[in-house]
Each structure stands twice: as structure tokens, then as C-alpha cells.
Amino acid sequence: MSPVVVIGAGLGGLAAAVRLAAAGRDVTIVEAAQVPGGCCGTATVGEYRFDTGPSVLTMPDVLADVFAAAGEDMESLLPLRRLDPYYRLRYHDGSHLDVVEGEDAMAEQVRALSGAAEADRYRRLRARLGELFDAEWPVFIDRDMTRLRDLARPAVLARLAALGGFRSMDALVKSHVTDERLVKAHTFQALYVGLPPRRALGIYAVIAHMDTVGGVFFPRDGGMHAIPRALAALAEKAGAQIRYGVRAVKVESGASGVSGVRLDTGERLAAGNVVVACDLSRAHTGLLPPGAGDWRLRRPRYSPSCLVLHFGLDRKLAGQAHHTLHFGAQWDATFDALRAGRPQPDPNLLVTYPESDTGAAPNGHATLSVLEPTANLRGGADWDDLSPRLQDRLLGRLADLGYGDLSSAPRLTIDPPAWARLGHTAGTPFALDHRFSQTAWFRPAGAARRVPGLHFAGMYTAPGVGVPPVLISGRLAAQRVLETPR
């Protein structure tokens with residue numbers, strides 16, 4: 001069987017490579033960086049190490065399935081721990097809600113915040129989210145949506161409609177709970193798919209189910225970047241070759257489809273199948289062969305971006321949760337500003353404090369990462385002027401929230417221009433948003449119809465953005481290669 005080249009050692013590319021190598025295929029991964037990870041990256045400032053990609057890991061069974069495909073047990077190679085609480089939600093009125101494991105324990109948290117009646121309503125919301133998840137997972141998330149007929153399943157669509165999946169996410173949650181603080185707790189996840197809660201489809205409320213019910217996890221050692229490192233080692237153990245510091249510059253094809261990949265070293269790797277697992281918009285500007293264009297990318301709509309400040313702290317923070325969401329007093333106005341390409345007037349902040357990642361900081365020290373959603377580069381802002389102003393405002397907000405004066409702490413800043421320099425189109429690490437016209441079959445296809453042997457994985461294709469969906473995209477790409485040998 002002909003060799004397979006995987007372009008990009010991010011989570012999607014690694015997931016595909018592990019499965020293909022474990023199935024006996026001759027696999028080469030080419031990665032422009034010197035380490036695996038792609039979006040799930042790492043960086044250092046002095047003695048401090050930071051995860052520069054996703055900080056939230058849900059659905060660990062999806063990750064474990066990649067290890068199982070190679071005959072390995074994830075727990076022995078990449079042990080995880082369940083966070084407690086999953087999140088701490090802090091509201092502008094001074095109240096807070098810990099999202100914890102177990103329905104009864106969570107209902108008690110809600111009762112203490114909002115009363116017994118709201119706790120009962122919360123239980124009904126929790127049940128509805130579970131029903132939506134059960135209906136969606138096998139059809140829209142864990143399934144290859146390359147073919148239109150896979151989308152047009154009347155019975156499934158009717159079931160999702162009956163559960164509220166085609167209402168807005170905001171309306172779905174509000175039909176069950178009345179306390180705005182609980183509404184925020186179950187709709188802020190809309191930002192993960194690049195849309196405000198009142199514009200995101202109710203089907204995306206399953207994300208709230210994944211992290212508020214299923215739980216949030218973290219590697220016991222090495223931070224989030226331990227995930228791609230473990231997957232890369234797994235791929236190599238299964239027989240794949242990984243070439244770091246090498247960039248693919250052209251996928252070549254002939255009359256029968258893919259034939260090879262040209263590298264920036266001048267080498268050519270012969271290939272009967274190629275899995276492109278990098279920024280798909282950039283790939284279409286020169287990497288892909290003629291005929292590989294996808295009509296779904298003619299008018300792409302990109303997700304908002306973010307400003308992230310990573311700090312090295314000379315102290316520990318007593319009582320600080322791993323993930324803390326600080327909600328501002330405004331809500332709809334923040335999403336309106338993002339949509340209009342303006343700075344949010346009162347941004348909601350995600351603060352990550354990975355204290356258990358002991359190797360990330362010197363003894364007695366710690367790291368802290370703060371994410372503020374922003375417009376992407378298509379918003380037209382002058383980021384040379386805007387970025388310093390947003391950073392100063394964020395430092396002031398953190399001081400007001402009790403984190404102290406962090407202005408002189410060792411710091412790594414990643415703003416939309418920096419995301420663009422890291423290879424993300426429109427300066428957003430969240431790819432395309434998930435409006436209906438960019439969901440399921442309407443998202444860029446997982447295979448090039450006119451170029452046999454050319455496949456895609458990663459957050460640009462279905463199922464979409466997030467660690468579990470990207471891992472699934474790798475599995476789906478591997479399945480297509482194995483089912484149609486060339």
C-alpha cells in the first residue's frame with residue numbers, strides 16, 4: 001500500500017497518524033515547528049512554562065480511544081485528573097457558583113445560590129442537555145459528515161427539534177432556568193463556537209453538558225502540552241516517522257489523485273494519501289493542488305479571537321480554582337461588540353491557574369493565564385494602538401479582582417496579530433465559527449471530491465473546534481484512508 005503523509009502534528013494530525021500507523025500504513029508526519037502540538041502549543045519565559053493552546057479538556061474517553069487504537073492504555077502513558085471544581089464562576093454582584101461533579105452535589109450548589117425551586121429547574125435543564133447529547137453525539141459529532149445524505153435524516157432532525165436543538169442556545173436554557181447567573185453558566189460556552197448565545201443553535205448546548213456534567217480534566221504532569229507529546233510518542237511507537245522543522249509547500253497530484261508532497265527542503269515524499277491537518281484557509285492559498293478547492297470556503301466566517309496574558313507568579317494563590325470565569329456586569333453588549341469588531345465594554349475573563357503542573361514554575365511559584373475574547377483581525381482595528389490599551393485595562397481589572405499588581409511579573413502576551421504570526425488565519429485560534437451554514441455537512445469537507453487521496457483533519461472541518469472534535473476529525477480522516485486504499 002502507498003505511503004501516507006500527514007501535514008501538521010497538531011491533535012488532529014496526530015490522531016490520524018496514530019490510527020494509520022497502528023493499521024500498518026507507512027506514515028510520515030511533517031511539522032514546521034520543532035515540537036508537536038499545533039494549536040496545543042507551549043512556550044517559556046525565563047523559568048516559567050505556559051500552555052499556549054486549549055486549557056479545557058473534556059470527554060477524555062475520546063482521547064483514550066486514540067491510545068486504544070494503538071493497543072495502549074492512556075492512563076499508564078498520560079494519566080489525567082478530574083478538576084474539582086470544574087469551574088468557579090464569579091459574578092459581578094460578588095456571588096459565585098462552583099461547578100462540581102454529580103447531579104445532587106451540583107443541585108445543592110444551585111440551591112445555595114438561587115433557592116430550591118431553581119435547583120429543581122436546574123435538574124430539568126441537566127436532563128434536557130443529556131437528552132440532546134445522546135441524540136447528537138452519534139449523528140452529528142462522532143460521525144463522518146462528508147456526504148449530504150448523512151445530514152438529511154428526518155427522524156433525527158425531528159428529535160433534535162423536539163428537544164430544542166434548533167432554538168437559540170439562549171432560549172433553550174432560559175426555558176428551563178430563570179436565574180441569569182445560571183443562564184450564563186450554561187451559555188458562555190457559545191463563545192467556543194464563535195457565536196453569541198442568542199445566535200448559537202441550541203444543539204451547541206451539548207458543550208455545556210460536556211464540561212458541566214461530563215467534567216473537565218487535566219494531565220497529571222506536563223500541562224496540556226503533555227497531550228500532543230504523548231500522542232507523538234504513540235505515533236512513533238506505532239511506526240510513524242515525524243519530521244520536525246520541515247514545512248510542506250505543495251501537495252502534488254496527477255490524473256488518479258494525490259501523488260506526493262513537496263517540502264521546503266526540496267525533497268519530495270511520495271504519497272498515495274495525504275491528510276492535511278493544518279490551517280485550511282492558508283492551505284488553500286498554495287499548498288493544495290488544482291481541483292482541491294471547497295465552495296464552503298468561498299465566504300468564510302471566522303470566530304472572534306482573544307487576548308491572552310500568561311504570567312509567571314512569585315507566589316501561590318490560596319484557594320484559587322484551576323479555572324475561574326469572571327463575568328462582567330454586561331452580557332449582551334459584550335457579544336454585540338465582538339460581532340461589530342469592537343473591544344468588549346465589560347469583558348468576561350477566563351483565568352487558568354494550573355497549580356498542579358508543578359514543572360511549569362520554580363518551587364513556591366506558579367503560572368496564571370488570563371483570556372479575554374476580542375475581535376479577530378477582520379474587524380479592522382489598529383492593533384498597534386489597541387493591544388497595549390487592552391493589556392493595560394486587563395491588568396487593572398485583574399488588580400480589582402484581587403490578583404494584585406501583575407504589571408511587573410514575567411509575561412507572555414498573545415494578541416490577534418500574534419495568533420496570525422503563529423499561522424492562524426484572521427488572527428483567531430478558533431477557526432471558522434459554527435453558524436448553521438458552517439456546521440456539519442456545511443463545514444469544509446473532510447475529503448477533496450475531485451482529488452482522490454486528499455483528506456482533511458482539524459478544527460476547520462467537521463465536527464469542529466475543541467479538543468474532542470479535533471481528535472474525532474483525525475479518526476474520521478484515518479477511516480476514510482483505510483476504507484479507500486490507493
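**View 1. Valine 274 meets its bridge partner, leucine 454 in β19.** Welcome to a predicted model, in which local features need pLDDT of at least 70, side-chain atom pairs count only at pLDDT 80 or more, and totals for chains, interfaces and linings use all residues. Residues are numbered from 1 along each chain as its sequence is written, and side-chain values use heavy atoms, with hydrogens and water left out. Three bridges join β13 to β19, and these strands run parallel; two strands pair if DSSP finds at least two bridges between them. Helices (H or I, at least four residues) and strands (E, at least two) are DSSP runs, numbered from the N terminus. Strand β1 (residues 4–7) also pairs with β13 in the parallel sense, over four bridges, and here isoleucine 7 stands opposite valine 276.

**View 2. Strand β13 (residues 273–276) is covered on both faces.** Asn273 and Val275 on one side are buried, as are Val274 and Val276 on the other. Buried means under 20% relative accessible area, exposed over 50%, and partly exposed in between (1.4 Å probe, protein chains only).

**View 3. Step into the largest nonpolar core, with 132 residues.** Such a core is a set of buried Ala, Val, Leu, Ile, Met, Phe, Trp, Tyr and Cys residues joined through side-chain atoms within 4.5 Å. Those with the most contacts inside this one are Ile7, Leu231, Val274 and Leu454. Helix α5 (residues 116–141) gives the most to this core, with eleven residues. A second, separate core has 20 residues, among them Leu309, Phe311, Leu368 and Leu395. In soluble globular proteins, nonpolar side chains tend to be buried together.

**View 4. Three strands form an open sheet in the order β10-β11-β12.** The pairing is antiparallel, and the edge strands, β10 (248–254) and β12 (268–270), each pair on one side only. Neighbouring strands of this sheet are turned by 25 degrees against each other on average, direction ignored; the axes are lines fitted to C-alpha atoms, for helices over the stretch in contact, and angles run from 0 to 180 degrees between N-to-C directions. Six bridges link β10 and β11 (residues 257–263), with serine 253 opposite valine 258.

**View 5. Now look closely at valine 258, in strand β11.** Valine 258 counts as buried because its relative accessibility is 5%. Leaving aside neighbours within four places in sequence, its contacts (heavy atoms within 4.5 Å) include Val251, Val274, Leu454 and Arg486. Histidine 96 lies 162 residues away along the chain, and the C-alpha atoms of this residue and valine 258 are separated by 55 Å.

**View 6. Threonine 428 sits in the loop between α14 (416–421) and β19 (454–456).** With a relative accessibility of 1%, threonine 428 counts as buried. Its side chain reaches the backbone oxygen of serine 303 at 3.5 Å. Beyond its neighbours within four places in sequence, threonine 428 is also in contact with residues including Tyr302, Pro304, Asn376 and Trp419.

View 7. A disulfide is a pair of cysteine sulfur atoms within 2.5 Å. For cysteine 278, the nearest cysteine sulfur is that of cysteine 39, 10 Å away. Cysteine 278 is partly exposed, with a relative accessible area of 29%, whereas cysteine 306 is buried, at 1%. The sulfur of cysteine 306 is 11 Å from its closest cysteine sulfur, again in cysteine 39, and that is too far for a bond.

Technical notes:
Polar contact = N/O pair within 3.5 Å; in protein donor to acceptor, adjacent residues only side chain to side chain.
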